[in-house]
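Here is a brisk report on one structure.

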Amino acid sequence: MSEYKHIQTAHCENGVTVSLLRRQGLDFMTEPLAFGLGSGLFYIHIPFLKVNGGPAISFRSMPGSIFNRTCKTLNVPVERKKFKSELEAEKFLDKQLDEGKTVGCQVGVFHLPYFPKEYRFHFNAHNLIVYGREGDNFLVSDPVMETTTTISRAELTKVRFAKGALAPKGHIYFPADSPIVTEEMLRKGIIRGINRNVRDMLHIPATITGVRGIKHTAKKVRKWRDQVGERQGGLFLGQIVRMQEEIGTGGGGFRFIYAAFLEEAAEILGNDQLIGISEQITKAGDLWRDSALQMAGIYKGRITSQKDFDHAADIMVEIANAEKKAFQDLGKIKLK
Amino acid sequence: MKKENVPQDKSSLENFTREVCYVKNKDGKYETELSTGWETKSVALENAWEEINRRTEEAKNNCLAGKSSPVAYYLELRLMDIPVLAGYTGFFSWQIKRHMKPHIFAKLSDKKLEKYASAFDISITELKNFNP
């Protein structure tokens, strides 16, 4: 196969999706497109789960869903495997690479040698591409990195078999075929991706997901100062900001990537109304940045009164309303 | 976010990578821009590490005072929680909780200690002779 070309993206799963699909000849694939086709935008305040005693929040859909949905919507057959045995997992990977395939692997970052120590938590839903091997050294293209890298067999196996929540179990996946994707299929896929995202943000009957989920968190933010104190409350807010802004989100809790998707969709579908919605989502992203600044004021210890916690919560309510309006408007557009 | 407003602050990403941000250019169209970091979130990450270090120190003192076993200390040092440690060792959560008691830890077989040592990336000697 042709020489591997590394593509850097904001988010790892988007990046793996883009690179693997482009390698199958789908040259039009971009990160915003993969994110939108996979209905990646979301909000969930995960119940019963605590991270360091604080809130567990996600600004995107379930790990794995972006790749799955994007491939499915474009009729790209996917091969995926998980393993009980590390040896079997190694053999399978070697075989694919020796056949010239490029594959995606789910890994944990705690033992990932090229990650800086500050980022090495027990987070198991990171994704990277393995595009070849030289003996026992594996050629890795990590989408959040500016360049490619190599890691040893032992290191790779260790991160493929990281333990804990969302343990990857050697999870490996790749497109099994090079499909022909017509313009018509792409248009339909975009519409489907948009409709599914409208549903996820507005119509899941739960108070913890979509725009209602944002208000749910806001309500908790107001109580933290009384419940756990200024310091701990500040740590919880810091946790929200990290989920929202850390590397991989493209800024503003993925909102800017989604706005970029709607801009691309407007052009592909020839529908200018989508530009208006893109603007609304951009504004929501900007509000998330404002909210992060307000929260930072609290966890830096600069402003710590109840009024300041309330202000942070108020911004979140404003965001919830802005996103509700944006997705309601998006749902009303007749797309074809 | 506008392209000219992308923060370029010093952060832990230094010597690792710059991150991709989606931004509006002068024509109001989206494009990407690389960022070295944003102070707002760097502080959040630093605070999280201070909290980890505080908890690790506390676990160390508890262990030195004979209130808990080295398992509790290394769990914090390696940023684990009980489910993660259960995954790496194959023990059940309730077993791990027992093993955090010094008098039960003292009686553990080398075979069991070996599982902990391997999960914590230390030698069995280090685990037995607590001297952080």
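L79(B) sits in the loop between helix 2 (70-77) and helix 3 of chain B. Helices (H or I, at least four residues) and strands (E, at least two) are DSSP runs, numbered from the N terminus. The model is predicted: local features need pLDDT of at least 70, side-chain atom pairs count only at pLDDT 80 or more, and totals for chains, interfaces and linings use all residues. Residues are numbered from 1 along each chain as its sequence is written, chains are lettered from A and ligands numbered from 1 in the order in which they are written, and side-chain values use heavy atoms, with hydrogens and water left out.

L79(B) has a relative accessibility of 18%, so it counts as buried. Buried means under 20% relative accessible area, exposed over 50%, and partly exposed in between (1.4 Å probe, protein chains only). Leaving aside neighbours within four places in sequence, L79(B) is in contact with F110(A), R120(A), F121(A), H122(A), W49(B) and I52(B). Contact means heavy atoms within 4.5 Å. The C-alpha atoms of L79(B) and R54(B) are separated by 12 Å, and the two residues are 25 apart along the chain.

## F91(B)

F91(B) is placed in the loop between helix 3 (82-89) and helix 4 (93-99) of chain B. Its relative accessibility is 7%, so F91(B) counts as buried. Beyond its neighbours within four places in sequence, F91(B) contacts A86(B), I96(B), H99(B), K112(B), K115(B) and Y116(B). From F91(B) to S118(B), 27 residues along the chain, the C-alpha separation is 13 Å.

## R289(A)

R289(A) belongs to helix 9 (residues 273-299) of chain A. It is buried, at a relative accessible area of 10%. Neighbours within four places in sequence aside, its contacts include Q244(A), E245(A) and F256(A). R289(A) also contacts M1(B), P7(B) and W38(B).

## Helix 1 of chain A

Helix 1 (residues 12-23) of chain A has 12 residues. From first C-alpha to last it reaches 16 Å, close to the 16 Å expected at 1.5 Å a residue. The expected span is 1.5 Å times one less than the number of residues.

Of the 12 residues in helix 1 of chain A, 11 are buried, so the helix is largely enclosed by the rest of the structure. Among the buried ones are C12(A), E13(A), V16(A), L20(A) and R23(A). Just after helix 1, G25(A) takes a positive phi of about 95°.

Phi of K169(A) is near 50°, a positive value in a residue other than glycine. K169(A) lies in the loop between helix 5 (153-160) and strand 8 (172-175) of chain A. At 47% relative accessibility, K169(A) is partly exposed.

F254(A) is a non-glycine residue with a positive phi, near 70°. Its loop runs between helix 7 (210-245) and helix 8 (255-269) of chain A. F254(A) is buried, at 4% relative accessibility.

## Chain A as a whole

Chain A has 10 helices and 8 strands. Its radius of gyration is 21 Å, close to the 20 Å that the globule rule gives for 336 residues, so chain A is as compact as a globular protein of that length. The radius is taken over C-alpha atoms, and the rule is 2.2 Å times the number of residues to the power 0.38. Along the principal axes, the C-alpha atoms fill a box of roughly 60 × 45 × 30 Å. Buried residues make up 60% of the 336 residues in chain A.
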